[in-house]
Amino acid sequence: MDRQANISFMLRLARALHSYGIPAHRLEDVLDSAARKLGLEGQFFSTPTSIFAAFGKQDEQHTFLLRVNPGDVDLGKLADLDAVAVRVLREGLAPVEGSAQIDAVIAAPPRYGQMLTTLAFGLASAAASRFLGGGAKEIALSATLGLLIGLLSLATGRWTGLGRVFEPLAAFTVTVLAVVFSFVFGAYAVSNATLAGLIVLMPGLTLTVAMIELSTQHLASGTARLSAAFVVFLGMGFGVAIGDTVTSRFFGAARLARAAVLPEWTMWLALVAMSLAFTVLLRAKPRDAGWIVVAGAIAFTGAKAGAAWFGGDLGVFVGALTVSVASRGYARLLDRPATITQVPGLLLLVPGSVGFRGLAALLDKQVISGVDTTFKMILTAVALVAGVLIANILAPLRREI
């Protein structure tokens, strides 16, 4: 086999997988496995902004540095890359052809258009409002705020500078509008709409991945992701603080009311809505939408059962464990990456909203409440990571991605 063609395929695969959100521990495992199957001796090191790949014996290595940017999760393209890897590593497709197919995957246009993506922002915020105890008015206004965040995210694709202040600007916008809505549409639970409107921007998944990487001894990548999540929390907290100051000075105190209690069945409707929103926002293939809904239901049911049996914090552990084991069953049954169902399921459990509440309390000078809530976020993240890691032992996977 052509050694240079094999290395070229490996480098393309590494860059593409990193671009579409695969964490460091999985990326390095995939590259180690692929190198062995291609007859290469390789060592790999991944961080959120770079990949080092060294091929050959220790004294004769050729080392490559790939400078990369942290990518957003794209479940559809991860599935396509998995299919390419299967064809090369199992079915004998030439690495040169595999490299061409990887280039085609990268060049493919976004799976969903701007309008559908924006609607998914609104749908996710509406569902989050219900999960947070919102009533009909809170759900409607949260959906409006989510749509506005979706429109703002489209603008960041056109103006690079705007993307660097996206989270603080979004938090400021949502905070101001949530208060204004209380004067336009009447009193309601403003904090519910604010939190639900920002829910898609919470770095809960980044925090969870960082904790997993730290737990698996990928210290450089885990520390970098943890720092990135903390910076996003700070930026959003700053935006909320400025928004509160502006609204209190120009509009006065918001008109507050307790949210109306909705029937229990609406929680399941919100679960389906959130799962469908994640299908679009994570760019999964339409054929996987049903599986993602099932994964969400498993995570939600497991968390509720765990909370009833062991308490709220350990409920997250049970939810993460059940959805991770179920995702491995999905991978074995359909020969697809477990990530497709695992990531959306975990997103229903991640502690981003808890961390944001803790930061907001600290900014509001409620130190005891803020520290308590932040500690709860850390405990929730640890419980979630434990569930994922134990699932790896109970249901190990042996596949390309």
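Which residues touch the most other members of the largest nonpolar core? They are Met-10, Leu-17, Phe-55, Leu-198 and Leu-384, in a core of 93 residues. Such a core is a set of buried Ala, Val, Leu, Ile, Met, Phe, Trp, Tyr and Cys residues joined through side-chain atoms within 4.5 Å, where buried means under 20% relative accessible area with a 1.4 Å probe, protein chains only. Helix H1, residues 3-19, gives the most to this core, with eight residues. In soluble globular proteins, nonpolar side chains tend to be buried together.

A word on the source: this is a predicted model, in which local features need pLDDT of at least 70 and side-chain atom pairs pLDDT 80 or more, while totals for chains, interfaces and linings use all residues. Residues are numbered from 1 along each chain as its sequence is written, and side-chain values use heavy atoms, without hydrogens and water.

Let's look at Met-10 again. Beyond its neighbours within four places in sequence, Met-10 is in contact (heavy atoms within 4.5 Å) with Leu-31, Ala-34, Ala-35, Leu-38, Leu-40, Phe-44 and Phe-55.

Now step back to the whole chain. Its C-alpha atoms fill a box of roughly 70 × 45 × 40 Å along the principal axes. Buried residues account for 51% of the 401 residues. Of the contacts between residues at least 6 apart in sequence, 72% join residues at least 24 apart.

Notes:
Buried < 20%, exposed > 50% of the residue type's maximum accessible area, 1.4 Å probe, protein only. Helix = DSSP H or I, 4+ residues; strand = E, 2+ residues; numbered from the N terminus.
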